[in-house]
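Biologist: I'd like to learn how to read a few features of a protein model. Could you walk me through it?

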Amino acid sequence: MNFFKQIFLNKTFFFAFLLVIAGYVLGFYFPVMIQISHLLLFALILISLMDLILLFSHKTGISGERTVQDKLSNFDKNPVQIHLQNYFPFRIHYTILDEIPEQFQIFDFEMSGILSSKKEIDLKYDLIPNERGIYKFGKTNVFVRSPLGFLERKIVLHTENQIKVYPSFLRLNQYSLQNFKAHINEIGQKKIRRIGHSMEFEQIKNYVSGDDFRTINWKSTAKHQKLMVNQYVDEKSQQVYCAIDKGRVMKMPFDGKTLLDYSINASLIFSNVVLQNHDRAGVFTFSNQLENLVKAERRTSQLQKISETLYGIQSNFMETDFGKLYNYIRHKITQRGLILLFTNFESMDSLHRQLPYLLAINKSHLLVVVFFRNTELEDFLISTDEKTDLYERTLVEKFIYEKQQIVLELNKHGIQTVLTRPEDLTVNTINKYLEIKSRGII
């Protein structure tokens, strides 16, 4: 870097220079102030030269690096650490201007402090990305002041790197724990009613209090002269797909995130639960065409493969073509499985246009349509006075009622549904999956 580009004047220098100018002004009325101002100006130049020598007494001055995870989790706090080491023989005042990726729109970020001679320090801050994709970190600019404080030296640390932002993988462990709790009929904040059992036989065991008497194996009981029961487990290696609509209806924002963002984050966590339950997880997206297919498998690398596919998905603002979706599923997914369809319907008319295709898909697979409650309309209904805004309240109530009618219409045709608030999407979809598994209807 050019020598002169590293030098900056500090506030102390300007205050001292203003004092010198004030002395010269007073010299018009008090001639003795001219001599004093000469001395002050000489002292200012001398101290500035001494400060310059101190700041450039060491070629490197300070060293440092920025530590960021290999990948960032969308909508979660991600720690960033800056390590600084002081090589100067004196204590320094530092100000750090870190070049954060433009997606964060943070242009006034800085960190300041004091670092003793020959010491090092770790500085930490958190970043919360709001969109997936590639984030470019720039240089780390450090402005250093000596104890004199008249000048600053700019030291540039070359810490440039690129980081990928993936769907919210930091919450995988949280929902893995909740999935474990499903064995005691509980997940999230909701109790699951287990209906019946699946028909995959595991073993014959001794009867204990609490076993279902309908599973008594009478032949084995007669042979061993004591009650024996058949034990069943949930069927495994079943095919489960997350189908994500990335058309214009999924661009609707709630709390800073679009419905597409909610669906992608939920799909990653849901796929993790599916794999832990020994089923095969897969994903694909669709709008006017079908893309990003990850075939349902149960491999150790499957979750990473799904994450790599989901991180770059963006809405294309096109009208969703459910006809192409049906044709694609009919030809590409021939084995019966569970298809979790993330989309949104705002009116009965929009549902009726797509209902024939949904019915056709449901004939070959178990289809679960996941769509969203409009929380902003519900909050508006709560916040307004019943005696005022009658027309607006009537319209809002109509839209909310129509959502419930969509659920009834789909259920009437034998299609499973999940109508959920966007923030509750993950918990509700996992609950639905575990309910379906417990009923053995895939």
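This is a predicted model: local features need pLDDT of at least 70, side-chain atom pairs count only at pLDDT 80 or more; totals for chains, interfaces and linings use all residues.

Biologist: Which residues line the largest cavity?

Modeller: You'll find E346, R373, N374, L377, E378, F399, I400, K403, Q404 and L419 around it. Two elements, α9 (375–383) and α10 (390–412), each give two or more residues to that lining. The largest share, four residues, is from α10.

Biologist: Okay, now pockets. What about the second largest pocket, how much space lies in it?

Modeller: About 280 Å³. Its lining has 16 residues, and V249, E319, N344, S350 and R353 are the ones nearest the centre of the pocket. Helix α8 (residues 348–364) gives the largest share of this lining, three residues. Sorted by class, the pocket lining has five nonpolar, six polar and five charged residues.

Biologist: On to helices. At what angle do α5 and α6 pack?

Modeller: Helix α5 (residues 259–276) and helix α6 (residues 302–310) pack at about 170°, and their axes are 10 Å apart. Angles over 145 degrees count as roughly antiparallel, so that's what α5 and α6 are to each other.

Biologist: Which residues meet where α5 and α6 pack?

Modeller: From α5 come I264, S267, L268, S271, N272 and L275, and from α6 come Q302, L303, I306, S307 and L310. By class, this contact has six nonpolar, five polar and no charged residues.

Biologist: Last one: how many aromatic pairs does the structure hold?

Modeller: Again the idea first: a pair of aromatic rings is described by the distance of the centres and the angle of the planes. The structure holds 13 aromatic pairs. Take F284 and Y328: their rings are 5.7 Å centre to centre with 50° between the planes, a tilted pair.

Biologist: Where in the chain do F284 and Y328 sit?

Modeller: F284 is in strand β19 (residues 280–286) and Y328 is in helix α7 (residues 322–332). They're 44 residues apart, so to speak a link between distant parts of the chain.

Technical notes. Residues are numbered from 1 along each chain as its sequence is written. Side-chain values use heavy atoms; hydrogens and water are left out. On a 1 Å grid over the protein atoms alone, a cavity is a set of points where a 1.4 Å probe fits but cannot get out, and a pocket is an open set with protein on both sides within 12 Å along at least five of seven lines; lining residues have an atom within 4 Å of a point. Grid points are joined across faces, edges and corners, and a volume is the space filled by probe spheres set on the points. Ala, Val, Leu, Ile, Met, Phe, Trp, Tyr, Cys and Pro count as nonpolar, Asp, Glu, Lys and Arg as charged, and the others, Gly among them, as polar. Axes are lines fitted to C-alpha atoms, for helices over the stretch in contact, and angles run from 0 to 180 degrees between N-to-C directions. Angles under 35 degrees count as roughly parallel, over 145 as roughly antiparallel, 65 to 115 as roughly perpendicular and the rest as oblique. Contact means heavy atoms within 4.5 Å. Rings of Phe, Tyr and Trp (its six-membered ring) pair if their centres lie within 6.5 Å; planes under 30 degrees apart count as stacked, over 60 as edge-to-face and the rest as tilted.
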